[in-house]
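Okay, thanks for coming, everyone.

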Amino acid sequence: MSTAATPPARGAAFLARRRRNYFLFIAPALLVVGAVIIFPWLYTIWMSAFDWTIGSTAHYVGLGNYEKIFTSRRFGEAVLHTFYFTALAVIAPLVIGTWAAMVFHREFPFRGVLRGLFIMPMMATPVAVALVWTMMFHPQQGVLNYLLSLVGLPPSLWVYSPTLVIPSLVLVEVWHWTPLVMLIVLGGLAALPTEPYESARLDGATEWQLFRYITLPLVAPFILVAAVIRTIDALKAFDTIYVITGGGPGTASETINLFLYLQAFSFYNIGTASAVVVVFFVIVLAMALLLLYVRERTKWTSA
Amino acid sequence: MIQADITTEETMADHDRGSIETKRRRLLQAGASAVALGVVPGAGQLASNAQGAFDWKKFKGEKIEIFLVKSPRGDLLTKYHKEFEDLTGITVNSEMIPEQQQRQKAVIEFNSGNTSFDVIAISYHVQKRLFGKNKWLEDIRPMMADKSLADPNLDFADFAKGGLAYATQADGRVDSLPLNLDPWVVYYNKELFAAKNIAYPKTFAEMVDVAARLNDPSKGVCGFVARGLKNANVPVWSSFLLGNGGAFVDANGKLTTDTPEAVDAAKMYQTLLAKSGPQGVAGFNWNEAQSLFLQGKAAMWLDGIGFAQPLEDPTKSRIVGKVGYGVMPAGPKQQVSALFGDGEGISTYSKKKGPSWFYLQWASNKANQTRVLQAAAGAPVRNSAYAAAQSSSDFKAPKEWVECMLTSARIAQPGLPVIAPVNEFRDVFGIALTNMINGADPAAELKKATAEFQPILDKSEKA
């Protein structure tokens, strides 16, 4: 370590003093983190060990709440719905967003105006968006079925059908958040060097080859950033689902968040809700680690 | 008795106290109007003490916090707070937030042992048992009985019985004053009925038959529409359950939600919605049902009585003047309208109970109740409000609606069980009902839901 490079006695004292001073500087941050992150966390884990419904006394049940949720078919389904929703709501905007970024990266008339129009959905309030889409989904009076009828397709039940509800909700997410992916990837495209393209063209590469072997690897880090943001957003998606379907029909679109909301704020089962939060946290942590791992890998391939 | 379908425990308690009260009151005073007061213990004392000195200015200079639900009724009260301030010299500070959030905030504050508000608006169908069990609201009987605190013009006989029953807890405590009732009724499209020369159904069997005959998918018209969305849909089934003579819970706290009466009600629900209902009804809440009915695309719509205003509004409705307001048809056992309602109570943690009690009396007075009806903001508890509103020139609701309301209120019974975990009840049975629309077997679904909910109910009553 660096102690070897400095005179021994003075160096140690200096370092000790420095360490003390540093501690003073980080103390406020530590305090805040402790108060708003660490303490609530420990308290949540503590609460998850109790059978506690607001309005009645709490009983210690150990891992009873975890046993309850892991044996609950409904919670299992909620986890599956969450993964299904997240997978669709991440992949679809990434594909469409990247494609849109490629389109908007080219020079064409009114590009600025069209770019502006394209990112408009992102500026709308999620709850307002959800309410408007609810009306559009109405099986008898919604505009979507009217549009289908114009092109000769039979009407769909959209969010009113147990099997179509999650893809329909993803449709809203795609409309709402593809522009964000487009913006991030567009930023990446703007920063790309032009030389590799010139030499590849000289070597006779096709447009697809240019995209697949030059553009895609170079913008991959940006796509990954967009993927991380989308994953976080999709996992925590609540407002759209809550407003449009409330988890229904039945429990067909009930994600972990909806399940959690019901337990905590509708049934007031604080113990169960805390256990759900802990499990959800573990899932989020696992997904974060997975994404970090993927990021490390893309770094290695691009190097 | 309005609570007859709840646990016998509660009914017995009401009954005993009612008869003791009646005897005592007969000693104190005689009068036909007093019979109507029998439901509310303590009201008799109020009437007998009512001649004492009462002064609205008694709490002059004090300040109270009111916690209301954002709704046309909350808006109305807030609009006239100045009137209360001028009358009493008490300053009113009020907060009004949407229903769901208001309920959550209330539970959390009560649970913390301290509330930021003195007076709170409550929904009986959801909160009665929870608040009663925890004694979160102040028993107002002592204040009603105190002649220096009770307004001599309060006139309890004027309150609809259903409302007073709602405000009375199983143990006899009266911890709120009722303000608004919401019995369920059948809105029907007279034009569609007339086109096929069909009369409004009088029984459940006729209702199912009429719905099937009026259902015409080729024209985009459905015979019947109501809530299919889980949780929201439970009162639709309750409406049928009560008419079948069924109940939610028996005397021993056992659910009776898988009895033949309950299964028949569920079958009727399934038949009406799946066979004569619109496509996608499993996801319908009242707003989807309403918009369909407004467009003239549904022959019958079963829901709360508070929707007359949009139906008669030419800017929103295509069926102005063609809407029939039907009392719930009679079931095989009885004719019942499922009832919902709300009122206001005083937080037990309030340090200003006197001024809060004054506010309650003002909020439920005849003028305020009449205003609710005039604005078509709901169906007030006071019977006198109906006569008063109808005599005024700017009253727009149809006469038929008023008659429907008065008849329905007379045959009303609580549309949800008076238990603490009401939301969970609605969720569990709501899912079962939604599954039925999508083809599941009613008996099996109810059996499953009953088995799932029984432990939750047991736990809530033990704690």
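So, chain B splits into two domains: domain 1 takes in 8–182 + 340–407, and domain 2 takes in 183–338 + 415–462. Do keep in mind that this is a predicted model. Where the two domains meet, domain 1 of chain B puts in 22 residues and domain 2 of chain B puts in 19. Which elements supply the domain 1 side of that contact? At least two residues each come from α1 (8–28), α7 (124–134), β4 (177–189) and α19 (399–410) of chain B. The largest share of that side belongs to α7(B), with six residues. By residue class, the domain 1 side that touches domain 2 of chain B has eleven nonpolar, four polar and seven charged residues.

Let me stay in chain B and turn to a strand. Is β1(B), residues 63–69, enclosed or open? Five of its seven residues are buried, so the strand is largely enclosed by the rest of the structure. It has strand partners, too. With β2(B), residues 91–97, strand β1(B) runs parallel, and seven bridges join the two. If you want to find that pairing on screen, look for B:Phe67, which stands opposite B:Glu95 in β2(B). The pairing of β1(B) with β3(B), residues 119–123, is also in the parallel sense, over two bridges. There, B:Ile66 has B:Val119 in β3(B) as its bridge partner.

Now, confidence for this chain. Chain B has a mean pLDDT of 86, with 88% of its residues at 70 or more. The stretch to watch is residues 1–51 of chain B, where pLDDT stays under 50. The model still has 83 contacts beyond four places in sequence for that stretch. As a rule, where pLDDT is low, the predicted coordinates should not be read in detail.

On to chain A. Its secondary structure is twelve helices and two strands. Going along the sequence, the order is α-β-β-α-α-α-α-α-α-α-α-α-α-α. How spread out is chain A? Its radius of gyration is 25 Å, while the globule rule gives 19 Å for 303 residues, so chain A is more spread out than a compact globule. If you like boxes, the C-alpha atoms of chain A fill one of roughly 80 × 65 × 30 Å along the principal axes. Buried residues account for 32% of the 303 in chain A. As for contacts between residues at least 6 apart in sequence, 70% of those in chain A join residues at least 24 apart.

Buried, exposed or partly exposed? A:Ala87 has 13 other C-beta atoms within 10 Å, so it counts as partly exposed; the cut-off for exposed is 12 or fewer, and for buried 20 or more. From A:Ala87 to A:Val284 the C-alpha separation is 14 Å, and those two residues are 197 apart along the chain.

Last bit: the two chains together. In the contact between them, 25 residues of chain A meet 29 residues of chain B. For the complex, the predictor gives an ipTM of 0.78 and a pTM of 0.81. That's it from me; over to you.

Definitions and conventions. Residues numbered from 1 in each chain as written. Chains lettered and ligands numbered in written order. Predicted model: local features only at pLDDT ≥ 70, side-chain atom pairs only at ≥ 80, totals over all residues. Helix = DSSP H or I, 4+ residues; strand = E, 2+ residues; numbered from the N terminus. Rg over C-alpha atoms; globule rule 2.2 N^0.38 Å. Contact = placed C-beta atoms within 7 Å. Domains from an automatic or database assignment. Nonpolar A, V, L, I, M, F, W, Y, C, P; charged D, E, K, R; others polar. Pairing = 2+ DSSP bridges. pLDDT = per-residue confidence, 0-100.
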